Amino acid sequence: MRLDRLLGITLELMAKQRVTAAELAAKFEVSVRTVYRDVELINQAGIPVASFTGADGGFELMNGFFLTRQHFSVDDLSVIYTLLKAMQGAMGGAVAPAMRKLASLHPALAANEESGKAVILNMSTQEHDRDIVHRLFQAIRQSRVVELAYTGTSASGIRSERSVEPLNLLWEKGVWYLEAYCRLRQARRYFRVSRIARLDVTETTFAPRRISDEPAQETEQGIQAHLRFDLSVCTRVLEQFPGECTYQGDRINVHTTFYTKEYALSVIASYGTKVDIVSPDELRDDVIAHIEAIRHHYRKNKEEI
C-alpha cells in the first residue's frame, strides 16, 4: 500500500504545478507527517521534489523531470494499453501512436496481447458512429465549431439543426455521447452520437468559455415541464433526457423543455401510467384531452366496423 501511495504522490506532483502537504494528506487519507516522510523517500529514490514554505508553499517536481519505464511495471502499463486497445475501434488512428509508445517501453504488451487477458473491453461501434466520433475528436482537439443535425427521441423523429462548441466525448453503458455548448440553447447539452444525422466541422474556432452547471434559462419559447417517472422506465428516461434527471426516492424527476405541444404529448403518452405531470397544469389538461381524442377515435371506428 505504501508503494502505491508513493507512486500516487509522484503522479499527483506531475499533474499539478504545486500541491500542499494538507492536500496530499486528504487525498491519500494519511497524516501530514506521513506525507513529509513519503516525500523524503521519493527524494531518496532519485525523484527530485522541491519544498517551498510560506502562504504559497507546498511541493513540486523540479523542472524537466519525467517518469520513465523503470517507474512502471508491465501490469501498470498493461491496464493503459488495454484501455487504448478497446478505444481503437471507435477512435481509429488517434490512439495508435500512444499504443506504439507503450509497446516500445515494454514489448511484452503487444506480444502478449492475445494471451492471458484478464480484462476484455469493447468500445467499438458501428461504421457511422465511428466516423462521427473520430471527427468530433479532431474538432475537440482543434476547438472548432460543429454544425449538426440531431434527431430527437420521439416517435415522430423531429430533427433540429444545432451549432455547438464540442467539449468532451463520453462513453457510457456502451453508448457514445457528445458534451457540448449549444449556441441555440446557450447552455451545456449532451447529444447521443448515434442520433447525429449529419455533422460538419467548420473552420470557425472558439475560445473556452465558463459554463455554469446550473440549468440555463432557455431563450426559446417552449413548454417548461416537470415530469416524475417510475423507476421501471429509468433506462429509457436517462437516455431520453440526458442531463435533466434527478433521483427522488423511487422516482425520477425530469425538468425539461418541449418546443412543440405535439412532441410533448407524443412523449408523455408513450410512457402510459409510468409518468406523472407535476407541472404545468395546462400540459396535464392537454394530455387528458389527447387521450380522450384517441378513445373517441377508436370508439368511432369500432362502431363503423
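This is a predicted model: local features need pLDDT of at least 70, side-chain atom pairs count only at pLDDT 80 or more; totals for chains, interfaces and linings use all residues.
Close-up 1. R135 counts as partly exposed because its relative accessibility is 29%, in the band between buried (under 20% relative accessible area) and exposed (over 50%; 1.4 Å probe, protein chains only). D131, at 38%, is also partly exposed.

**Close-up 2. The salt bridge between D38 and R5**. The N to O distance is 2.6 Å, and both residues are buried. D38 belongs to α3 (residues 32-44) and R5 to α1 (residues 2-15), 33 residues apart.

**Close-up 3. The largest nonpolar core**. Such a core joins buried Ala, Val, Leu, Ile, Met, Phe, Trp, Tyr and Cys residues through side-chain atoms within 4.5 Å. Among its 19 residues, L227, F229, V237, F241, F258, I268 and Y271 touch the most other members. Two or more residues each come from β8 (223-230), β10 (251-258), α9, β11 (275-279) and α10 (281-304). Helix α9 contributes the most, with 5 residues.

**Notes.** Residues are numbered from 1 along each chain as its sequence is written. Local features need pLDDT of at least 70 and side-chain atom pairs pLDDT 80 or more, totals for chains, interfaces and linings use all residues, and side-chain values use heavy atoms, without hydrogens and water.

Key:
Helices (H or I, at least four residues) and strands (E, at least two) are DSSP runs, numbered from the N terminus. A salt bridge is a side-chain nitrogen of Lys or Arg within 4 Å of a carboxyl oxygen of Asp or Glu.
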